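This report describes the architecture of a two-chain model, from the fold of each chain to the contact between them. The sequence and structure are shown first.

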Amino acid sequence: MGKEKTQIKNQIKTLRFHQDEMTQQQLAEQIGVTRQTVNAIEGGKYSPSLEVAFKIAQVFGKPLDEVFQYVESLP
Amino acid sequence: MNTSFEEKSVWVQLVSLMVIFGGYFAVAGFMMADGVPVLIAYVPLFTVSIVLLVIMLTAGHIIAVCFGKPEGRDERDRLIEWRADSVSSHVLGGGVLIAITGMIFEINNVWIAHFLFLLMFLSEVLKLTMQLVYYRRGM
């Protein structure tokens, strides 16, 4: 089964690494979703709601467009 | 393991439905082929199936809890369920129209009732399957 990637890229994995190697579970707890959802967002398999996207940006203290980028098309 | 409790729950529901109501339709199919003409004759079989389904669902969820506590549902779980519901509702809607057509041509109630029940079963199986596809493949 092929993976369907969204057109939203993100830097969550890098930002987690720079945030004292924060785990997906820790991030999930801070934004109120499950670890599997954080994993799906990171892997580009799920585009979060605006509310969750803003919460993620807030956790890392970054503007939204430094965390998420919209790309025209993915191969 | 990268499977949430919600996804495990969907697996439990899918397997339980397939096993229990797969069995129901196999037995009911033989009864209909033998010409059992009244709906009430199928009630004991249906009742046993419902009881077995509840037991299997309960046991399945208890086992799922043993492999990881429920994290609660979040926006992704809800969106996945809505999308899967949207797909499966087409099967149900289309089938109801066929059933109504069958009633117009005065097909036996036993066949109409089982056709409607089969539709409910198939649309639920489709919904659960689509949920698993969305969980694995992404949306």
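Chain A contains 5 helices and 2 strands, where helices (H or I, at least four residues) and strands (E, at least two) are DSSP runs numbered from the N terminus. Read from the N terminus, the order of elements in chain A is β-α-α-α-α-α-β. The model is predicted, so local features need pLDDT of at least 70 and side-chain atom pairs count only at pLDDT 80 or more, while totals for chains, interfaces and linings use all residues. Residues are numbered from 1 along each chain as its sequence is written, chains are lettered from A and ligands numbered from 1 in the order in which they are written, and side-chain values use heavy atoms, with hydrogens and water left out.

**Chain A**

Of the 75 residues in chain A, 41% are buried; here buried means under 20% relative accessible area, exposed means over 50%, and partly exposed lies in between (1.4 Å probe, protein chains only). Contacts are defined by heavy atoms within 4.5 Å. Among the contacts in chain A between residues at least 6 apart in sequence, 62% join residues at least 24 apart.

Two packed helices are described by the angle between their axes and the distance between the axes. In chain A, helix α2 (residues 24-31) packs against helix α4 (residues 50-60) at an angle of about 120°, and their axes are 10 Å apart. The axes are lines fitted to C-alpha atoms, for helices over the stretch in contact, and angles run from 0 to 180 degrees between N-to-C directions. The crossing of α2(A) with α4(A) is right-handed; a crossing is left-handed if the near helix is turned anticlockwise from the far one by less than a right angle, and right-handed if clockwise. On the α2(A) side, Leu27(A), Gln30(A) and Ile31(A) take part, and they meet Val52(A), Lys55(A), Ile56(A), Val59(A) and Phe60(A) of α4(A). By class, this contact comprises 6 nonpolar, 1 polar and 1 charged residues. In this classification Ala, Val, Leu, Ile, Met, Phe, Trp, Tyr, Cys and Pro count as nonpolar, Asp, Glu, Lys and Arg as charged, and the others, Gly among them, as polar.

Helix α2 of chain A also holds Gln26(A), which is partly exposed because its relative accessible area is 41%. Gln26(A) and Val38(A) are separated by 12 residues in sequence and by 9.9 Å in space, C-alpha to C-alpha.

**Chain B**

Chain B has 4 helices and 0 strands, in the order α-α-α-α from the N terminus. Its C-alpha atoms fill a box of roughly 50 × 30 × 20 Å along the principal axes. Buried residues account for 38% of the 139 residues of chain B. Among contacts in chain B with a separation of 6 or more, 84% are between residues 24 or more positions apart.

**Salt bridges**

A salt bridge is a side-chain nitrogen of Lys or Arg within 4 Å of a carboxyl oxygen of Asp or Glu. Over all chains, the count is 7 salt bridges. The table includes three of these pairs.

| Pair | Closest N and O atoms |
|---|---|
| Arg16(A) and Glu42(A) | 2.5 Å |
| Glu51(A) and Lys55(A) | 3.7 Å |
| Glu6(B) and Arg73(B) | 3.4 Å |

Arg16(A), in helix α1 (residues 12-18), and Glu42(A), in helix α3 (residues 35-42), link distant parts of chain A, 26 residues apart. Both Arg16(A) and Glu42(A) are buried.

Glu51(A) and Lys55(A) both belong to helix α4 of chain A and lie 4 residues apart, about one turn of the helix. Glu51(A) counts as exposed because its relative accessibility is 53%, whereas Lys55(A), at 30%, counts as partly exposed.

In chain B, Glu6(B) lies in helix α1 (residues 5-33) and Arg73(B) in the loop between α2 (43-66) and α3 (75-104), so their pairing ties together parts 67 residues apart in sequence. Glu6(B) is buried, at 18% relative accessible area, and Arg73(B) is partly exposed, at 38%. Through shared partners, salt bridges join Glu6(B), Arg73(B), Glu81(B), Asp85(B) and Lys127(B) into one network.

**The interface**

The size of an interface is often given as the accessible area lost when the parts come together. Between chain A and chain B the buried area is about 1400 Å², with carbon and sulfur atoms giving 48%; buried area is the accessible area (1.4 Å probe) that two parts lose on being put together, summed over both. Chain A contributes 18 residues to the contact and chain B contributes 16 residues. How many salt bridges are there between chain A and chain B? The count between chain A and chain B is 0.
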